[in-house]
Amino acid sequence: AVVSTQSGHYGREHKLNLSKWHGRSMHKTEVYVKVRGLINSEKESGASRAVKCGDDKVTVNDKAYQLTGFGAEINNEQLYKATLQSSVIQGLTKGIKLGVVCVGESKSGKSTVLGTANSTSPGLVSCTADAIFQHIGDTPSFVGVSYINVFQERFTDLLNPEDRELKVKSQASLGVYVESLSEIAVKSPNDLMRLFDQGNKVRKILELEMGIPSTKSHAIFTIAAEYKTKDSSLVRSQVQFYNVAGLNHSSDPHVSNSLKSLEALVAECVSTEQPTGYNGSKLTQLMRSVLDKSAYLVVLGHVSPTTQSIDTTTRTLEFLLKWQQIQLDPQPNTLDTHKLIEDLRRRAAAARNAITTQTSGNIPKEHIAELDSSLAALSAAKRLQWADREKASVLAEEQRRQTLADQGVLEWITETYRSANNSSSAVLLLQKDKDNLVNEYKKQRKIVDDLKTRLQGSINKHTTLANLPNQDEAVLQDSLTRIHKLRDQLKTGNDKLKDLKKGVKDAQDKLKLERSLGKDDSREIAGNFALTLMLKKDEVSHLKRDNEQFLEEEKERLQSEAEQDIAEIKLSATQGTTLTLEQVVELQEEGATQNTQLSHLALHVQCLQAENEKLVETVEALRSANKVETETQKARNLLTFRQYKDFYEEAKTATNAKYQELLNSCIQDCIFLSSRNAELTEENTDLKRKLKHFS
């Protein structure tokens, strides 16, 4: 995947002439603050809020920062429209890069805002994907994605996490790119989000198995979009999302050094027209593509609202104020790959000629370096062409599947394992029917709640009227008629609600039955404890959520019935009706029935807790049983890897030596042949002259 940092037509000087900026209209870096809501643990502990947003400022304990802030009431989609939408569309239209940098402490909501495919509110990545494909439409195009993790100055390809070394390369004509980084072509927003989600799953597996915490690592997700306009001109656009490690991990030396390098680079971008401090860390090397001042730049600072995080919050806001001072001059990327390839071929040919025309035995190292550089740049430039990128994407996809299958984190393996839950058409149809019934149930619940509120209000109003002296009987009768009408509507609504609830329960039972029947057909994933553990936890989570929903519905049902009975008793009292002995007995029976139902629910809760404890116990047993096997397998894998690495290094050294020997031999032969050819040419000329003299 090539990440270009240059702009303008190839053949011109690609470095930005920032000295010409004076007197021009500059584009400011857009900086925003997102304050997350209180999490459950903070609510339970009674944590107090220290951060407020409003009037284009963010206030922390009465100290105001001139930054645009958004509170927890703003969802991801609204945040996208307010912060990114304009830059995404402008970048797509003009072919200008866009960098989205998310900074803040751990658990401040960075990953939540970026979103997942199944987010309740589409995240920034999902909204951007929708905008890209909507803008491109049916025009000829190529959209590819790459995802890389940076931890302790080491790269990991999150789309194909095989153990290989990834290096940052820099070419004057191509900019900065990561050599051998996988780029996968996508055809729709769903394809894009599937890969983004899978990359995030790989981050979790890396944290579980290799001790690479996501909170202490940087993740960069790149979307490269190219398309042809109606006049057949090519537009190249790129969006990069930087999920920067938590600012609260300053005690970790690797995180601290990386963040300090970023802070130093930001300060240099503010004070210097042409910053040079990109080599401070791997992160800043990659951020050159958006901090060379030729791209749009949006920075989102994520903060916690509580007083416990006030130090990191203050540091984040101070950091954002520095970002806000960076002035930009966004330029379209109009790099012509065909001209670039032709020029690189000429450079390579010139370097070869310079080597072969050497008459002495010593070849200057700069000629060899120029040849190697030209050939490397030529190889990278060829990968920019759509046909080559499509071929590389297919190959990368196959390698990715194999690698992730071996490591047990590939999504299609997960789906295979869950074939009893998702893959069969019968399950999908039943799931769809259940979802439709649940939606109807929610709508009907809203209608019933509204009727209950209206009925309660009418009863209270009627009670007030009945207690007034000399009240008109017609008014009371009219009020009573409305109450009876509402009560009938409520009864009908409750009946429909019960039918829908029964339908939901029946659909759930059918779904469970179909899934249990499909489990026998699911394929086992041998030697994949991490995935098995993840799925077990997922199963526990789903069971817990379903049970909580069931208990909440039962609670609402009992409360609704109790409120309805109380309302009818109040209505009878206003009409002066005296309860008969049979009615009293009936009410007592209903109370006893409801008490029995409550006891049943309490017993059900205990059973669910026991089931949950059993599942947790099973998971722990699995973990304990597989711990030794996992460690043994890791040791075997490490030994195998070292053996292969040693063999590879030996073969590489031998190959390089052989190649250098052949190259030197060829060069010497070329020099000899060139010299000999000159001698023969001179002899031939001399012979011709003598032959002409004799004739």
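The legends below describe close-up views of a predicted model.

**View 1. The chain as a whole, as context for the close-ups.** The predicted chain contains 18 helices and 16 strands, and of its 695 residues 40% count as buried. Among contacts in the chain with a separation of 6 or more, 77% are accounted for by residues 24 or more positions apart.

View 2. Three strands, in the order 3-4-5, make up an open sheet with antiparallel pairing. Strand 3 (51-54) and strand 5 (63-65) are the edge strands, and because each has a single partner strand, one side of each is left without a neighbour in the sheet. On average, and with direction ignored, neighbouring strands of this sheet are turned by 25° against each other. Between strand 4 (residues 57-60) and strand 5 the antiparallel pairing extends over three bridges, and Val60 has Lys63 in strand 5 as its bridge partner.

**View 3. Asp62 in the loop between strand 4 and strand 5.** Asp62 is placed in the loop that lies between strand 4 and strand 5, and its phi is near 70°, a positive value in a residue other than glycine. As background to this view, most residues other than glycine have a negative phi. The relative accessibility of Asp62 is 78%, and because exposed means over 50%, Asp62 counts as exposed.

**View 4. Lys293 in the loop between helix 9 and strand 15.** Lys293 also is not a glycine, yet has a positive phi of about 75°, and it lies in the loop between helix 9 (288-291) and strand 15 (296-303).

**View 5. The packing of helix 2 against helix 5.** Helix 2 (residues 76-83) and helix 5 (residues 124-136) pack with their axes 9 Å apart and at an angle of about 60°, and the two helices are therefore oblique to each other. Their crossing is right-handed. On the helix 2 side, Asn76, Glu77, Leu79 and Tyr80 take part in the meeting, and on the helix 5 side their counterparts are Leu124, Cys127, Thr128 and Ala131.

**View 6. The packing of helix 3 against helix 5.** Helix 3 (residues 85-94) and helix 5 have axes that come within 10 Å and cross at roughly 35°, and the crossing of this pair is right-handed. Val88, Ile89, Leu92 and Thr93 in helix 3 meet Thr128, Ala131, Ile132 and His135 in helix 5.

**View 7. The hairpin of strands 8 and 9.** Strand 8 (residues 141-151) and strand 9 (residues 154-157) run antiparallel and are joined by four bridges, with Val150 standing opposite Phe155 in strand 9. The two strands form a hairpin with two residues between them, and in the turn Gln152 has a positive phi of about 50°.

**View 8. Glu183 and its polar contact with Arg389.** Glu183 is found in the loop between strand 11 (175-179) and strand 12 (184-185). Its relative accessibility is 13%, and because buried means under 20%, Glu183 counts as buried. The side chains of Glu183 and Arg389 are joined by a polar contact of 2.8 Å.

Note on methods: Residues numbered from 1 in each chain as written. Predicted model: local features only at pLDDT ≥ 70, side-chain atom pairs only at ≥ 80, totals over all residues. Heavy atoms only, no water. Pairing = 2+ DSSP bridges. Buried < 20%, exposed > 50% of the residue type's maximum accessible area, 1.4 Å probe, protein only. Polar contact = N/O pair within 3.5 Å; in protein donor to acceptor, adjacent residues only side chain to side chain. Axes fitted to C-alpha atoms, helices over the stretch in contact; angles between N-to-C directions. Parallel < 35°, antiparallel > 145°, perpendicular 65-115°, else oblique. Left-handed = near helix turned anticlockwise from the far one by under 90°. Contact = heavy atoms within 4.5 Å.
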